[in-house]
Amino acid sequence: MKKIILVFFATVLLISCVGNDKMILRDSIGKINKVMVVAKISDWTGDVGQEIRNTFGELQVGLPQPEPILSVSQVAPNGFSSMMKSSRNILMVLEGEQEGISVKKNVYAQPQTIVYLQAKNDEAIINVFNKNKEKIKRIFLDSDIAFTQSIFAKNKLDDSKYKTLQNLGISLTIPNKFNTVDDTGDFLWLRNHLTSGIAKSGSNNILVYSLPLEDGLQVADSIVVNRNKIGKKYIPGYKEGMYMITEEAYTPFIFDAVVDGKKAYETRGKWEVKGDFMAGPFVNYTVFDEKNNRLIVVEGFTYAPSVSKRAFLFELEAIAKSLKI
């Protein structure tokens, strides 16, 4: 009888340990906007790999230097080691009778997003990928937005300290490395001085303000005009008559977007200081708040001469998309 009891408790203990191991996941690793592709070498060096590289390697619009939307690296299935399995974003290219894509979260680490791309041969894999490539890109980008926001939430600024956020009745997840430049009650400007590498003379900036919603059909056409007015009123250069404008020689890109469950426009382009040589990229979210008959504008702009700017702008995008009205 004693032996039976001992065996019973040993079995329960063993099951409990195995169960706990399955629930405890290591922390994922990898840079923001990078995807690990698990594919055979023959696929990666052939047409399959070419399609993936072309899609993920599309250039991000609005940046002064060419930078891809997503960076990629590849590993063969037999080299997909324990360390590789900790990657935060993974695309698995598989051959099988069932065709399509599927998504799983936190399989080997957390947070982690794995997209499984499966078809019966190379030609079918390419077809499935091309049908879903925009969706796949969005899955990885949204995953990194959520990850970035979770990092910022651990050390975020207190919204109650800012008159503009209180008056507008909105909240944002902004990391506490940002400092106040201006907070009028109608306009908020926060800045983070970049302190590492050759970008240490630059800064990341957040602007927040509202505009009346007069004619919804004209909103997209007036984004540049409105941001130029804001620049003239609130963002001066170092000499009188200098102020921020939208770069005149560069037409911004405007996309449909959704922020806080509301219709919005995402605008990407370059800013410059009128009469000066300062310039850089910006990303602007103009959000429809129809309940209050207004537009909420959250914009991020970067000044980081001579360095890549994709990562800086992505942080600003994550902050803007944390908007809650």
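**Rings and charges**

Modeller: The count comes to 10 aromatic pairs, and please keep in mind that this is a predicted model. One of the pairs joins Trp189 and Phe301, whose ring centres lie 6.4 Å apart with 50° between the planes, a tilted arrangement. Trp189 sits in strand E9 and Phe301 in strand E15, so that the pair links parts of the chain 112 residues apart.

Biologist: Why is the pair of Tyr250 and Phe253 edge-to-face?

Modeller: What decides the class is the angle between the planes, with values over 60 degrees counting as edge-to-face. The planes of Tyr250 and Phe253 stand at 65°, with the centres 6.3 Å apart, and therefore the pair is edge-to-face. Phe253 is partly exposed, at a relative accessible area of 35%.

Biologist: Which charged residue lies over the face of Phe282?

Modeller: Arg227 does, at 3.9 Å from the ring centre, while Arg88 lies over the face of Phe147 at 4.2 Å from its ring centre.

Biologist: How many salt bridges does a search of the whole structure find?

Modeller: The search finds 14 salt bridges, among them the one between Lys321 and Glu317, at 2.7 Å from N to O. Glu317 is buried, with a relative accessible area of 4%, whereas Lys321 is partly exposed at 23%. Shared partners join Glu317 and Lys321 with Glu266 and Arg268 into one network of salt bridges.

Key
Residues are numbered from 1 along each chain as its sequence is written. This is a predicted model: local features need pLDDT of at least 70, side-chain atom pairs count only at pLDDT 80 or more; totals for chains, interfaces and linings use all residues. Side-chain values use heavy atoms; hydrogens and water are left out. Rings of Phe, Tyr and Trp (its six-membered ring) pair if their centres lie within 6.5 Å; planes under 30 degrees apart count as stacked, over 60 as edge-to-face and the rest as tilted. Helices (H or I, at least four residues) and strands (E, at least two) are DSSP runs, numbered from the N terminus. Buried means under 20% relative accessible area, exposed over 50%, partly exposed in between (1.4 Å probe, protein chains only). A charge sits over a ring if NZ of Lys or CZ of Arg is within 6 Å of the ring centre and within 35 degrees of the ring normal. A salt bridge is a side-chain nitrogen of Lys or Arg within 4 Å of a carboxyl oxygen of Asp or Glu.
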